[in-house]
Amino acid sequence: MATNIVFIGLGNMGLPMAQNLVRAGHAVTGFDLVAASVRQFADGGGLVSDDQAAAIGQADIVITMLPASRHVLGAYLGDAGILAQARPGTLLIDCSTISTEAARQVGRAAQEQGMPMLDAPVSGGTAGATNGTLTFMVGGEASALAAARPYLDVMGKAIFHAGGSGCGQTVKICNNMLLGILMIGTSEAIRLGVANGLDPKVVSDVMAKSSGRNWTLDVYNPCPGVAENVPASRGYTGGFGVDLMLKDLGLAMESALASGASVPLGALSRNLYSLHSKAGSGALDFSSIYQLLGDKA
């Protein structure tokens, strides 16, 4: 049976996620500030509407995929927010990557309105969103996750219940901090090999079969020409942007300060990505940090 879903945020990740729900036979109404994204969604069979409030009021599920905490807070709270427009019992799923505290703030407000809510950030990038192979890291009540699981299964291949409200965001922040560290370390190691006359593909292949093996070596090599179909081999276009990684590393620093955790490598990674962004590389894929560590050629 088709479910009435509103999907807000049809960006690089949200659009293919919403399209997968459409292909699964659900009635999905999409909203985005970028008209071209809405048109693309409609061309793929999605529903569109000029009245977001009315659509939310009729929805069984509302899913959001937005850039940052302030956007999520603005979308859900206030007199014109989702919580003011949705019916009690509407299932709310926020797939954005935001601060733990912002997720908990919205989650508390939703609970007060009688609406089950999950924070469910994702990992897997645009390829995972397109192929329906994302990993969902979920915070919220187990009963809400049980209700959401059939729809998350359409968009992803792995679903982890991290704990209560905000816990999905916490584990996502931990994951992305490690990803940033690994990308910098992998780039350094390849640069060191190249500086000593080695072929970067040889260095990568050896490390990928040795104790230095990691995800970036396996599927996201940062050195141009080493791997096919990765951002490094198409001028660092597409993929996960430098500024998005910088945002997530900032969230990790906020979490570390709030909890008293020591994250020296995370802090250094944030500083390096900040330098890279300020040098004009903010829109490039985050693997372009390889360029910061040596000649851009």
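Guide: In soluble globular proteins, nonpolar side chains tend to be buried together. A nonpolar core is a set of buried Ala, Val, Leu, Ile, Met, Phe, Trp, Tyr and Cys residues joined through side-chain atoms within 4.5 Å, where buried means under 20% relative accessible area with a 1.4 Å probe and protein chains only. Here the largest nonpolar core has 32 residues, of which Phe7, Met17, Ile63, Ile93, Phe136 and Leu152 touch the most other members.

Visitor: Which elements give two or more residues to this core?

Guide: They are strands S1 (4-8), S3 (61-64), S4 (91-94) and S7 (134-139), together with helices H1 (14-23), H2 (35-43) and H8, and H8 provides the largest share, six residues. Helices (H or I, at least four residues) and strands (E, at least two) are DSSP runs, numbered from the N terminus.

Visitor: With which residues is Leu152 in contact, leaving aside its neighbours within four places in sequence?

Guide: Contact means heavy atoms within 4.5 Å, and on that basis Leu152 meets Ile93, Phe136, Val138, Leu145 and Ile159, once neighbours within four places in sequence are left aside. A second, separate core of 23 residues includes Leu66, Ile98, Val106 and Ala110.

Visitor: What should I keep in mind about the model itself?

Guide: This is a predicted model, in which local features need pLDDT of at least 70 and side-chain atom pairs count only at pLDDT 80 or more, while totals for chains, interfaces and linings use all residues. Residues are numbered from 1 along each chain as its sequence is written, and side-chain values use heavy atoms, with hydrogens and water left out.

Notes: Buried < 20%, exposed > 50% of the residue type's maximum accessible area, 1.4 Å probe, protein only.
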